[in-house]
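Please keep the sequence and the structure in view while reading.

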Amino acid sequence: GAPYTSGYRTIYWEAGVGAMLDVDLFSKINLMVGGRRDRSYAENVDYAAFTPNTGTSANPGRFGTADSFAKNYDNGSSWSVSLSYKAPYKIVPYLTFSNSSLMLESNNNKMDNAVILAGHIGAGEILEAGVKSSLLNNKVFVSVAAYEQTRTDVSANSDSSLLAAEVSSTVTRGTEIEVKWVPSKGFSASVYALTQKT
């Protein structure tokens, strides 16, 4: 018997164009460079619903009287550069630096009006350096990597009565190690460890 507190319809599209170049230099150096440009449109309507955060103790909450609507265009760019080197004994050190545009939707594909108005494409960036190797006649694979990852986005204000967006930015640093054993095509086992701080 409780009234519904949320009803909405979100529609969006995204289109992009990109290119990638993969080049081997001097038979030991590999360079991979890629980029993409995105254009997106999003719209959302929040239907009038019951708001439990208003009113008085004697008469808590109230029903909305009008729908709320937002629409906007946004742009984003993504690019990646990766450099690796084939060292002796099948050891491959590498360095990767990339930036990616992110669609700022929630886990149910909804975009809040405040997010649409503030810009619904965010950004993520990663810088990673590591070493990979295959040992014992390609039966054991080992990789070690250290990385720094950042993410910038906007989210709706935690106060549902305010139509505002807050910008957030996080930085994550971590190290990961993996050892994988593949003695045959039908069997493999791996050990993986990760430590990170955000």
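## A pairing between two strands

The model discussed here is predicted. In it, L127 stands opposite E148, a residue of strand β8. The strands β7 (residues 121-135) and β8 (residues 140-156) run antiparallel and are joined by 13 bridges. Together β7 and β8 form a hairpin with four residues between them. Within this turn, L136 has a positive phi of about 50°.

Strand β7 also pairs with strand β6 (residues 91-103). These two strands run antiparallel as well, and 13 bridges join them. One of the pairs consists of I91 and its bridge partner in β7, S133.

F97 is a residue of strand β6.

## The nonpolar core

The largest nonpolar core has five residues: A42, A70, M103, M111 and I116. Leaving aside residues up to four places away in sequence, M111 touches several others. Among them are the core members A42, M103 and I116. The contacts of M111 also include T10, Y12, N44, L104, E105 and H120.

## Salt bridges

The structure holds six salt bridges. In one of them, the side chains of E43 and R9 meet at 3.9 Å, N to O. Because E43 lies in strand β2 (residues 29-46) and R9 in strand β1 (residues 8-25), this pair ties together parts that are 34 residues apart in sequence. E43 is buried, with a relative accessible area of 15%, whereas R9 is partly exposed at 40%.

Another salt bridge links D112 and K110, whose side chains meet at 3.2 Å, N to O. D112 is partly exposed, with a relative accessible area of 30%, while K110 counts as buried at 11% relative accessibility. Both residues belong to a network of salt bridges that also includes D46.

The side chains of R151 and D153 form a further salt bridge, at 3.1 Å, N to O. Here R151 is partly exposed, with a relative accessible area of 36%, and D153 is buried, with a relative accessible area of 15%.

Notes. Residues are numbered from 1 along each chain as its sequence is written. This is a predicted model: local features need pLDDT of at least 70, side-chain atom pairs count only at pLDDT 80 or more; totals for chains, interfaces and linings use all residues. Side-chain values use heavy atoms; hydrogens and water are left out. A nonpolar core is a set of buried Ala, Val, Leu, Ile, Met, Phe, Trp, Tyr and Cys residues joined through side-chain atoms within 4.5 Å. Buried means under 20% relative accessible area, exposed over 50%, partly exposed in between (1.4 Å probe, protein chains only). Contact means heavy atoms within 4.5 Å. Two strands pair if DSSP finds at least two bridges between them. A salt bridge is a side-chain nitrogen of Lys or Arg within 4 Å of a carboxyl oxygen of Asp or Glu.
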